[in-house]
Amino acid sequence: MENTIFSILPPLLAIVMVLVTKRVLLSLGVGIVSAALLVESFSPIDSFVILWDSFLTSFWDNGWNLYNIYILLFILMLGVITAIVSLSGGSTAFAAWAVKRIKTNRGSKLLTAFLGIIIFVDDYFNALAVGQIARPITDSHRVSRAKLAYFIDSTSAPICVVSPVSSWGAFLISQLGVIFATYAITDYTPLEAFMLMAPMNFYVIAALAMVFFTAWTENDLGPMKKHEKLAKETGVLFDPNKSNPGDLQGNFPENNYGKVNDLILPIFSLIVVTLFSMFWTGYQASGKVMNIFVVFENTDVPFSLFIGGLVSTVLAILLYTRQFKRNPKANAGLIGKAVISGINSMLPAIFILIFAWSLSFLINALGTGEYLAKLVTDNNIPVGVIPFLLFVLTAFMAFATGSSWGSFGILLPIGASIIMVVEPELLLPVLAAVLAGAVFGDHCSPISDTTIMSATGAGVNVIDHVITQLPYAIISAVIAAIGYLVLGLTGSVMIGFVSVIVILIVFFVVWSINSKRAV
């Protein structure tokens with residue numbers, strides 16, 4: 001069943017079930033079982049063995065899988081930080097402080113969008129940190145959690161994929177280095193090429209433009225209208241009947257003793273310590289080379305997140321203990337209750353992430369990515385449509401596998417091998433199309449870890465996030481696809497770029513006119 005059309009059935013089955021049943025774990029479980037059966041040709045015993053291996057690999061792979069373990073521990077600690085800050089009254093104090101300074105719904109949304117751009121070092125870090133900082137502010141201005149998750153998701157990966165000083169940038173620059181060495185390309189360095197590709201990433205341009213337009217206006221698309229209307233009219237920010245990662249599972253006594261620093265200092269320490277750890281681990285792993293790009297290429301992001309989360313957790317607890325003397329309700333027992341509450345709040349995200357990793361392992365064993373890539377290489381394709389087709393193919397691969405990085409690893413070399421034979425001048429646009437397609441597919445996939453992280457950071461149900469983000473992502477992708485088609489047919493990056501900008505302007509004007517008529 002490997003490397004055949006059957007290899008796409010498990011991820012498609014999981015995705016369809018998620019969208020139909022709205023039950024993520026059940027759908028992922030069905031996808032996992034079906035993938036195990038296909039890998040082992042429906043042998044019950046062998047299928048059970050590889051099924052067990054798919055879960056075990058998330059924690060043990062010839063040694064502890066520290067990458068995944070650190071990520072899971074960080075998510076749990078983030079839940080604890082949130083609970084402790086809530087217990088201390090820090091969230092309430094910060095919301096009261098923010099309301100005095102950020103006085104509008106628009107201001108809270110714009111702040112979230114700008115935070116998504118400023119915190120660009122890693123998509124996991126971005127999604128969770130921006131969620132923790134922005135959530136009290138957007139909540140106070142009745143911005144739905146679905147809208148918050150959309151802003152987080154559509155600024156995290158899109159910024160990371162064009163930022164050289166990020167975990168994504170380091171990975172992609174190293175990938176470009178391998179490709180350039182293979183084809184003896186010396187016209188530019190991998191770093192220069194990465195920077196040149198940024199304006200060619202039409203999906204990033206369209207997605208960010210969509211974020212800031214919707215942040216500035218009151219315009220909403222599709223299911224997002226329902227969530228925003230409910231939030232504005234009733235103050236209900238998410239569906240309380242659904243599993244919403246990040247929401248506290250305990251009631252704490254009302255606390256008016258909290259200070260803004262009870263929230264700011266843990267989040268600030270989280271950011272500073274994580275960044276320092278990323279620099280230090282990269283510096284040590286690179287042989288103490290004082291080069292920021294080399295450092296970020298070698299940095300250990302999960303370990304850095306773990307250290308940042310640990311320091312922030314300890315600090316949040318210490319800040320709360322200051323209230324023991326002045327707050328009669330404050331006591332050590334409530335800290336234990338908050339820790340348990342914080343851990344419970346993150347368990348839905350933890351389980352979904354583990355299931356997603358298991359499915360990814362089995363999809364890799366089935367060769368789903370290789371099969372999709374073969375569809376391109378085995379057909380005679382006109383040069384002018386190669387950027388467009390690779391954008392679409394990469395998007396579908398990232399959607400089906402839930403992995404943008406896996407799609408990068410497979411299709412960047414394939415895209416380079418195709419274009420270097422037929423039209424070497426289009427190498428960078430083709431590689432940029434692969435990057436753009438991977439981010440788009442990742443945005444739309446309910447089995448993507450970054451989708452799960454964004455929903456967790458916002459404290460909203462994963463499926464609600466996916467469904468409400470889809471219209472924005474699809475429209476951005478259609479505009480980007482047109483841009484790549486124009487680029488390929490004209491051979492001009494500038495014409496392709498201008499076409500994307502013009503279409504965006506026209507779309508925003510038409511959207512605004514129709515929104516005013518609907519009022």
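At 32% relative accessibility, K232 counts as partly exposed; the label buried means under 20% relative accessible area, exposed means over 50%, and partly exposed is what lies in between, using a 1.4 Å probe and protein chains only. The model is predicted, so to speak with its own cut-offs: local features need pLDDT of at least 70, side-chain atom pairs count only at pLDDT 80 or more, and totals for chains, interfaces and linings use all residues. Residues are numbered from 1 along each chain as its sequence is written, and side-chain values use heavy atoms, with hydrogens and water left out.

K232 has a salt-bridge partner in E218, with the closest N and O atoms 3.6 Å apart; a salt bridge here is a side-chain nitrogen of Lys or Arg within 4 Å of a carboxyl oxygen of Asp or Glu. This pair joins distant parts of the chain, as E218 sits in the loop between α11 and α12 while K232 belongs to helix α12, 14 residues apart. Helices (H or I, at least four residues) and strands (E, at least two) are DSSP runs numbered from the N terminus. E218 is partly exposed, at a relative accessible area of 46%.

The next pair involves D220 and K147, whose side chains form a salt bridge of 2.7 Å, N to O. D220 lies in the loop between α11 (202-216) and α12 (224-234) and K147 in helix α8 (residues 145-160), so this bridge ties together parts that are 73 residues apart in sequence. Both ends are covered up: D220 is buried at 9% relative accessible area, and K147 is buried at 0%. Put together, K147, E218, D220, E228 and K232 are linked in a network of salt bridges.

The structure holds six salt bridges. One of them brings together the side chains of R145 and D139, at 2.9 Å from N to O. R145 counts as buried at 7% relative accessibility, whereas D139, at 22%, counts as partly exposed.

I475 and K147 are 328 residues apart in sequence, yet their C-alpha atoms are 16 Å apart in space. Leaving out residues up to four places away in sequence, I475 touches M210, L221 and F507, where a contact means heavy atoms within 4.5 Å.

Now for the chain as a whole. Its secondary structure comes to 23 helices and zero strands. The radius of gyration is 23 Å, close to the 24 Å that the globule rule gives for 519 residues, so the chain is as compact as a globular protein of that length; the radius is taken over C-alpha atoms, and the rule is 2.2 Å times the number of residues to the power 0.38. The C-alpha atoms fill a box of roughly 75 × 60 × 50 Å along the principal axes. Buried residues make up 56% of the 519. Among contacts with a separation of 6 or more, 79% are between residues 24 or more positions apart.

The mean positions of the 26 positive and 28 negative charges are 20 Å apart. Lys and Arg count as positive and Asp and Glu as negative, without His or the chain ends, and each charge is placed at NZ of Lys, CZ of Arg, CG of Asp or CD of Glu.
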